[in-house]
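Trainee: Before we discuss the assignments, could you show me the sequence and the structure?

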Amino acid sequence: MQIDRYERRWMVLTAVTLAVLFVAVMGSVLGAGIQVPGIDGQVDPRALASTPPFDRPGLRELGPGRYEATIVAFIWAYSPNEIRVPAGSTVTFTLTSRDVVHGFRILDTPVNTMVIPGQVARVTHTFTRPDTYLFVCHEYCGVNHHTMYGRIIVE
Amino acid sequence: MSLAQRRLVSWHLYVAVGALALGASMGPLQALEHMGIDLYRYVPFLASYYQGLSLHGVLNVLVWTTFFISGFLTFVTSATLRRPLYSLRLGWLAWGLMTVGVVMAGWAMLTNQATVLFTSYPPLKGHPAYYFGLTLLVVGTWLVSANLFLTWRQWRREHPTERTPLGAFGALVTFVMWDLASVGLAVESLLMLIPMSLGTVEGTDPVLARAFFWFTGHPIVYFWLLPAYVSWYSMVPKQAGGKLFSDPLARLALLLFIPFSIPVGLHHQFTDPGIAQGWKMVHAALTFVVFFPSAMTAFTLLASLENAGRARGARGWFDWFFRLPWRDPSVAAQLFAMILFALGGISGIINASYNLNLMVHNTAWVPGHFHLTVGSGVTLTFMGISYWLIPYLTGRRLWSPKAALVQAWTWFIGMLIFGRGMHWLGLLGAPRRTMLGAATYAQLRPDWALPSVLVGVGGVILAVSLYLYLVQIVATLFFSREPAQVEVPEAEAVSGPEHAPFWFERWRLWVGAAVGLAALGYVPTLVDLLTRFTPVPGLRVW
Ligand code: HEM
Ligand SMILES: [Cu+2]
Ligand SMILES: [Cu+2]
């Protein structure tokens with residue numbers, strides 16, 4: 001097969017660009033520590049009421065400036081749907097769903113995860129400045145999906 | 001081509017256009033809703049925004065595409081091999097199964113019994129007719145591909161040393177890729193969704209189902225895209241008055257999709273809990289690899305179009321672009337499709353980028369992205385193809401080439417505005433698949449208002465374009481009296497097929513490579529999910 005000179009240059013250029021982009025992405029994973037959700041455990045969605053930590057959803061202080069927020073998603077709300085933390089807090093969100101697939105997106109932050117029944121989702125974020133952050137369900141979860149949200153008040 | 005065979009192809013296109021008519025008609029309603037104008041109360045058969053959205057997703061992206069592709073590639077195979085289809089009966093059987101499937105799924109959706117959106121994620125539980133219907137649609141495509149392969153085999157026996165003509169070659173590549181890719185959906189459907197909806201199992205595992213869904217759900221975009229590439233490579237250069245730059249490179253680009261399109265599906269599940277980060281990263285890397293053949297396509301097409309422009313007397317660096325036959329609606333539509341597709345490809349790189357994906361996953365950005373790719377790159381190309389194919393098949397001239405030209409322009413402009421609005425909304429965090437105008441939190445985000453207006457305005461322009469297209473088709477079928485003189489466009493190449501190595505057509509080699517890579521990319525994750533199988537009961541939530 002003959003490959004034209006320009007075509008060959010273009011192919012090399014494309015390959016190099018893609019490699020550079022990929023390395024940049026990996027750099028931010030390792031450098032900035034931005035992580036996507038992974039394997040964080042499983043629960044029986046029908047037995048959440050008796051499965052810690054989901055039997056008692058809410059905010060728990062782990063240490064100075066470190067919190068864990070346990071949130072249960074269900075049609076069509078989160079429990080709890082309001083969380084207050086001081087500015088500078090690092091919050092680990094531990095979520096699961098009681099029924100169908102939901103989403104969890106904290107606006108204006110990189111926090112973004114699916115909330116799938118049977119699976120535990122865990123994501124961490126540090127809230128540096130005081131503000132009110134909305135979190136919304138971004139996966140269709142039934143006819144009132146667009147009413148499913150909550151807020152994080154950083155004081 | 002025989003009348004009987006033309007009729008078979010035509011009926012594929014009719015079902016396709018019918019599905020688009022209903023499915024895409026929901027689009028402007030959705031777009032206006034985002035802008036705060038709720039027209040749903042005037043549509044008596046819709047119980048909710050989400051019922052409309054289910055119809056929109058399924059009919060556009062599963063039915064319009066599948067039927068158009070099956071018809072178009074059947075046509076291309078038989079036309080470029082210059083021989084009749086292996087079996088007309090098999091062709092009609094496939095069409096019949098697919099059509100029955102669409103009627104079943106359509107009935108379930110229209111009666112609000114399957115408002116589960118086109119992804120059908122369990123434990124959302126729709127009517128069994130919906131899942132059976134979509135399964136029949138997939139089975140139908142397997143019969144279509146069997147027919148094309150048998151046709152090719154007959155041709156091969158008579159031409160043992162020739163290269164397969166590029167059009168037929170592209171059609172075969174598309175179906176080899178699709179037959180492998182669709183296995184995921186078949187498994188999900190038969191072993192998980194259908195038993196769940198029939199109530200014969202206590203529930204099903206949502207993450208495992210999502211993994212099977214996206215096993216097919218990513219490569220399905222290449223099932224939509226490759227037929228557009230077939231037209232861009234093997235026909236558009238001729239329609240534009242030039243030659244394809246390189247036939248062997250076109251073949252190579254098409255072929256690379258067979259092994260590389262499948263082991264990338266986890267990039268739709270970057271944010272799914274229950275799947276290891278390491279495997280997500282492997283799929284992210286492979287996604288960058290599968291971008292490569294599209295970049296090759298961009299180069300080859302630009303070079304071919306430049307060739308066409310120069311053949312039409314262009315000089316200098318950019319003059320060729322303006323010398324292309326922009327007044328031919330079929331060419332204009334496909335050139336616009338290419339431009340919009342390129343823009344969509346760029347936002348696709350963001351989606352694929354493992355952690356950048358967190359900014360946009362499941363936001364309005366995503367429908368913004370795929371309206372540029374499948375909603376424009378593919379759909380507008382198919383519209384452009386139908387501007388010569390329908391006259392060819394029916395022998396009737398296009399009712400109004402001028403209206404067709406306006407249609408291409410309005411789709412282009414409408415989609416630029418709509419796409420800009422959706423991408424912007426997504427960056428501001430607006431969720432997708434959401435009745436945004438009615439969302440209880442939307443007033444808290446005044447910054448969503450302006451991009452929502454772009455979505456609404458773009459949507460209205462798109463509606464004009466859509467109806468121009470539908471009127472064109474109907475009017476051509478019923479009111480166009482003049483006979484058509486259409487030739488099937490078949491581009492010659494500067495560097496011809498004789499330069500392509502023969503192993504390009506060793507299908508076993510490519511299938512083997514694809515199966516191997518798919519196994520590498522998926523088996524560990526699937527085994528892991530199977531050992532942690534957690535059944536969740538199905539639920540109707542609409
Ligand atoms: C008249 C032109 C169209 C307009 C105005 C339009 C508008 C929209 C809007 C506003 C959404 C977002 C809904 C939401 O996330 O809540 C959407 C979703 C979607 N559109 Fe379109 N659309 C059009 C044509 C098409 C075409 C031609 C296709 C494909 C061939 C398509 C495929 C889809 C799909 C697959 C979804 C996602 C559905 C889901 O998330 O379940 N659309 N459309
Ligand atoms: Cu939800
Ligand atoms: Cu939701």
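Predicted model: local features only at pLDDT ≥ 70, side-chain atom pairs only at ≥ 80, totals over all residues.

Trainee: What makes the arrangement around the copper ion (ligand 2) tetrahedral?

Mentor: Its donors, meaning N, O and S atoms within 2.8 Å of the metal (3.2 Å for Na, K and Ca), are His102(A) (ND1), Cys137(A) (SG), Cys141(A) (SG) and Met148(A) (SD), at 2.0 to 2.4 Å. Four donors count as tetrahedral if all angles lie between 85 and 135 degrees, and because the 4 donor atoms here subtend angles of 98 to 129 degrees, the arrangement is tetrahedral. Along the sequence, the spacing of these donor residues is H-x34-C-x3-C-x6-M. His102(A) belongs to strand E6 (residues 102–106) of chain A and Met148(A) to the loop between strand E9 (131–136) and strand E10 (149–154) of chain A, so the pair ties together parts that are 46 residues apart in sequence.

Trainee: How do you know whether Glu139(A) and Cys141(A) are buried or exposed?

Mentor: Buried means under 20% relative accessible area, exposed over 50%, and partly exposed in between, with a 1.4 Å probe and protein chains only. Glu139(A) has a relative accessible area of 2% and is therefore buried, and Cys141(A), with 0%, is buried too. His102(A) and Met148(A) are both buried as well.

Trainee: Why is the site of the iron atom of ligand 1 called octahedral?

Mentor: Six donors count as octahedral if opposite donors are over 155 degrees apart and all others between 65 and 115. The site of the iron atom of ligand 1 has 6 donor atoms with angles of 84 to 180 degrees, and it is octahedral. The protein residues that coordinate the iron atom are His56(B) (NE2) and His371(B) (NE2), at 1.9 to 2.0 Å. This pair links distant parts of the chain, with His56(B) in helix H2 (residues 49–81) of chain B and His371(B) in helix H15 (residues 365–394) of chain B, 315 residues apart. Both His56(B) and His371(B) are buried.

Trainee: How do you know that helix H18 of chain B reaches close to its expected span, and where does it bend?

Mentor: Helices (H or I, at least four residues) and strands (E, at least two) are DSSP runs, numbered from the N terminus, and the expected span of a helix is 1.5 Å times one less than its number of residues. Helix H18 (residues 507–531) of chain B has 25 residues and reaches 34 Å from first C-alpha to last, close to the 36 Å expected. A bend is the angle between axes fitted to the seven residues ending at a residue and the seven starting there; H18(B) bends by about 40 degrees at Tyr522(B), with Pro524(B) following within four residues. Tyr522(B) is also among the buried residues of H18(B), which include Trp507(B), Trp510(B) and Gly521(B).

Trainee: How do you know which strands pair with strand E2 of chain A?

Mentor: Two strands pair if DSSP finds at least two bridges between them. Strand E1 (residues 58–63) of chain A is joined to E2(A) by 5 bridges and runs antiparallel to E2(A), while 8 bridges join E2(A) to strand E5 (residues 89–97) of chain A, in parallel. Strand E3 (residues 77–79) of chain A pairs with E2(A) in the antiparallel sense over 3 bridges. Strand E2 (residues 66–74) of chain A is mostly covered, with 8 of its 9 residues buried.

Terms used
Residues numbered from 1 in each chain as written. Chains lettered and ligands numbered in written order. Heavy atoms only, no water.
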